[in-house]
Amino acid sequence: MRGEPSCPRCGGRVRAPGLFADSWQCAAHGSVQPLQPVIPPSVEALTAVVQRTHVPVWMPWPLPVGWLFTGIAHAGDDRSGGRASAVACSGPGPLGGPGELILVAEEPGVGLGSRYAGLEGPDPGSYLNVEKPPQAKVLAAGRPTPLWHVSGTPTDRAVFAGEALGMWLWAVMWPEQSSLLMYDELVLTDLRDAGAEIDLVPCGALSPRLMRP
């Protein structure tokens with residue numbers, strides 16, 4: 001599964017810092033935080049990302065009944081540390097059939113969340129109508145956190161976004177009907193604060209959505 005870093009916005013190749021640029025470069029998007037290769041889900045992989053990231057690593061905890069942790073991705077390098085995290089979970093959908101959820105926490109401008117959402121711009125702001133009441137609420141690190149429906153996304157998924165702990169929080173779900181999960185006031189834990197409970201996270205097979213949203 002290991003490979004080269006890629007652009008968090010498009011998945012394209014990136015050029016490492018060198019003589020002419022002090023940051024990673026994407027031909028299409030310029031300076032970016034490199035998306036590190038996705039590796040199969042394990043407690044060890046989760047712990048490695050948690051220990052080096054500067055952003056939350058969100059997971060529904062406890063997981064919904066029958067759901068498993070199915071992978072993690074992060075953007076950033078050894079110099080900057082993690083600037084975006086994406087945690088995938090899979091399980092039975094609320095209306096039957098399989099459901100998938102990717103939770104992204106990121107600094108503004110990284111663009112990993114928009115890639116999973118199927119959008120062009122790096123941030124969700126222009127796709128949110130915050131003049132209206134939020135369509136969903138989660139409890140993130142113990143705080144009620146409003147999320148708004150993100151417009152303009154492909155019809156095969158449902159996307160919500162908001163702000164938590166000073167970072168963008170995206171929730172992307174497949175299929176679209178899995179958005180019913182968001183109306184149950186999902187409890188999200190920042191795994192940086194989970195301590196030994198990380199060892200209890202049940203792992204499943206790697207979600208292909210992490211690599212091909």
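## Sheets, cores and a buried aspartate

Nine strands make up an open sheet with mixed pairing, ordered β4-β12-β8-β9-β10-β11-β7-β6-β5. β4 and β5 are the edge strands; each has a single partner strand, so one side of each lacks a neighbour in the sheet. From one strand to the next, the twist averages 25 degrees. The structure is a predicted model.

Strands of a sheet pair through backbone hydrogen bonds, in either the parallel or the antiparallel sense. Both senses occur around β8. With strand β9 (residues 143-149), β8 pairs in the antiparallel sense over five bridges, and with β12 the pairing is parallel, over two bridges. Elsewhere in the nine-strand order, β6 and β7 run antiparallel and are joined by nine bridges.

A further open sheet has three strands in the order β1-β2-β3, with antiparallel pairing. Its edge strands are β1 (14-15) and β3 (30-32), each of which pairs on one side only. Between β1 and strand β2 (residues 24-26) there are two bridges in the antiparallel sense.

| Residue | Bridge partner | Strand of the partner |
|---|---|---|
| Valine 14 | Cysteine 26 | β2 |
| Alanine 84 | Glutamate 106 | β7 |
| Alanine 136 | Leucine 147 | β9 |
| Alanine 140 | Leucine 188 | β12 |

In a regular strand the side chains alternate between the two faces of the sheet.

Which residues have the most contacts inside the largest nonpolar core? They are Met59 and Met182, in a core of 35 residues. Two or more residues each come from α1 (43-52), β4 (58-60), β5 (68-77), β6 (81-92), β7 (98-106), β8 (136-140), β10 (158-164) and β11 (167-174). α1 gives the most to this core, with four residues. A second, separate core has 25 residues, among them Ala84, Ala88, Leu112 and Ala161.

Leaving aside residues up to four places away in sequence, methionine 59 touches Leu46, Phe69, Val87, Cys89, Leu103, Val187, Leu188, Thr189, Leu191 and Val201. One of these, Leu188, is also the bridge partner of alanine 140.

Aspartate 190 is found in strand β12 (residues 187-190). Is aspartate 190 buried or exposed? Its relative accessibility is 2%, and therefore aspartate 190 counts as buried, the cut-off being under 20%. The side chain of aspartate 190 has two polar partners to note. One is the backbone nitrogen of valine 57, which it reaches at 3.0 Å. The other is the side chain of arginine 192, with which the side chain of aspartate 190 makes a polar contact at 2.8 Å. Not counting residues up to four places away in sequence, aspartate 190 touches Pro56, Val57, Trp58 and Leu165.

Technical notes
Residues numbered from 1 in each chain as written. Predicted model: local features only at pLDDT ≥ 70, side-chain atom pairs only at ≥ 80, totals over all residues. Heavy atoms only, no water. Core = buried A, V, L, I, M, F, W, Y, C linked by side-chain atoms within 4.5 Å. Buried < 20%, exposed > 50% of the residue type's maximum accessible area, 1.4 Å probe, protein only. Contact = heavy atoms within 4.5 Å. Polar contact = N/O pair within 3.5 Å; in protein donor to acceptor, adjacent residues only side chain to side chain. Pairing = 2+ DSSP bridges. Axes fitted to C-alpha atoms, helices over the stretch in contact; angles between N-to-C directions.
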